[in-house]
Amino acid sequence: MRLTILHNRDADALEEDPGREAREDVERVASAMHGVLTQAGHVVDLVPVERDLSAVADALQRRRADLVVNLCESLNGDSRGEMLVPGLLDLLGVHYTGNSAFTLALALHKNKAKELLRARGVPTPDFWLLESTDALKNVDLPWPLIVKPSREDASMGIDFDSVVSDRRALSRAVDRVRRTFKQPALVERYVKGREIYVPLLGRPLAALPLTEIRFGGVFTGRLPVLTYRAKWQADSDECRDSPSVAARLPPKLEARCVEVATAAFEALEGRDYGRVDLRLDEDGQPWVIDINPNCDLHPQAGFARAAQAAGHSFAELALHLVDLAWERRNGDQASRRTRPAAARRAAQPHRDLLTGRGLVRARAHRRRPAAE
Ligand SMILES: Nc1ncnc2c1ncn2[C@@H]1O[C@H](COP(=O)(O)OP(=O)(O)O)[C@@H](O)[C@H]1O
Ligand SMILES: [Mg+2]
């Protein structure tokens, strides 16, 4: 198969990027994927996504790959651009691995994702979205609280000052998020307790072995959080003292965690792979704190290690992600063929929009419907 791996190359896009390490990491994931997919006999290109999306569109059209492996997590140093890449791929009529623009957009609008979870009865901590410091007076949640950017991931903007126990600290933390990230702050009830990750993979989705962050040393006597430093600065105390380990849970609790995580992922129409982050309260109730439909696939990071614990090498994981996308592509084509002609005619304007009229030529593998 001809594959194109898309990855963001934007670690130097901003003068001061609070997420530089996370963005650099994506290039290493892309290179690891390139290695194993090439080894498996595929013809693989790496295409970095930089400032100019039309250059990416041109590169994709020239290559005419069978599938794109989409690893993009941001655009121009802005996580909010993540969702535009699968949007572009949809526009070009190119199939790709992983989650849709819709799912990525929802996950990165954490307040919207939480509203959906609430509506579906999936437990997630109470919260406020603060667009201005004036709105601080509305916050009526019990202390302690955590303040995080509402449109980021990878622990960006999270440090020990993100957990607050009084109004002054709350105001400072909200102000900092708004100034640094130019976006509303999410203020959420802090859940004391174990931090459990549920990696989900496949169609239908199944959980890989659950992992847990074991907070020690530097976190003792504090309300622990997986800070940006803990996640990305390998030489920091915070990183050393927060290893990811296999989660040992009683079977009933483990099953409940998987149930809650799956319900959360499905609420966002998640597909193929992703990771749901939970906290367990003192009654053993899991609360969804984060949904990651584009989680880190680095061979040494949690998702790939969970796959390995289930007996799947990184190469097998990569090939499985490609297979899932390939099956979807074939399924989409099969459903196109079997639709009645009248329905195809009705869908015409939409299809034109998706294939971009003049912007993209219809791809060779797409059979023209008989009605055209
Ligand atoms: N409600 C919460 N209660 C306790 N800790 C939390 C809560 N929300 C986030 N955290 C801590 O902050 C970290 C980062 O927050 P998260 O919501 O996962 O954001 P990101 O999308 O940046 O990963 C989590 O790994 C966890 O340690
Ligand atoms: Mg998280």
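Biologist: Which residues form one aromatic cluster?

Modeller: Phe160, Phe215 and Phe219 do. This is a predicted model: local features need pLDDT of at least 70, side-chain atom pairs count only at pLDDT 80 or more, and totals for chains, interfaces and linings use all residues. Residues are numbered from 1 along each chain as its sequence is written, chains are lettered from A and ligands numbered from 1 in the order in which they are written, and side-chain values use heavy atoms, leaving out hydrogens and water.

Biologist: How many aromatic pairs are there?

Modeller: Rings of Phe, Tyr and Trp (its six-membered ring) pair if their centres lie within 6.5 Å; planes under 30 degrees apart are stacked, over 60 edge-to-face, and the rest tilted. The count is three aromatic pairs.

Biologist: Why is the pair of phenylalanine 160 and phenylalanine 219 called edge-to-face?

Modeller: The ring centres are 5.7 Å apart and the planes stand at 70°, so the pair is edge-to-face.

Biologist: What makes this pair a tie between parts of the sequence?

Modeller: Phenylalanine 160 sits in the loop between E5 and strand E6 (163-164), and phenylalanine 219 in the loop between strand E10 (211-213) and helix H7 (228-232), so the pair ties together parts 59 residues apart in sequence. Helices (H or I, at least four residues) and strands (E, at least two) are DSSP runs, numbered from the N terminus.

Biologist: Are phenylalanine 160 and phenylalanine 219 buried or exposed?

Modeller: Both are buried. Buried means under 20% relative accessible area, exposed over 50%, partly exposed in between (1.4 Å probe, protein chains only).

Biologist: What makes tyrosine 273 and phenylalanine 303 an aromatic pair?

Modeller: Their centres are 5.9 Å apart, with 65° between the planes, and the pair is edge-to-face. Tyrosine 273 lies in strand E12 and phenylalanine 303 in helix H10 (residues 302-309), so this pair links parts 30 residues apart in sequence. Tyrosine 273 and phenylalanine 303 are both buried.
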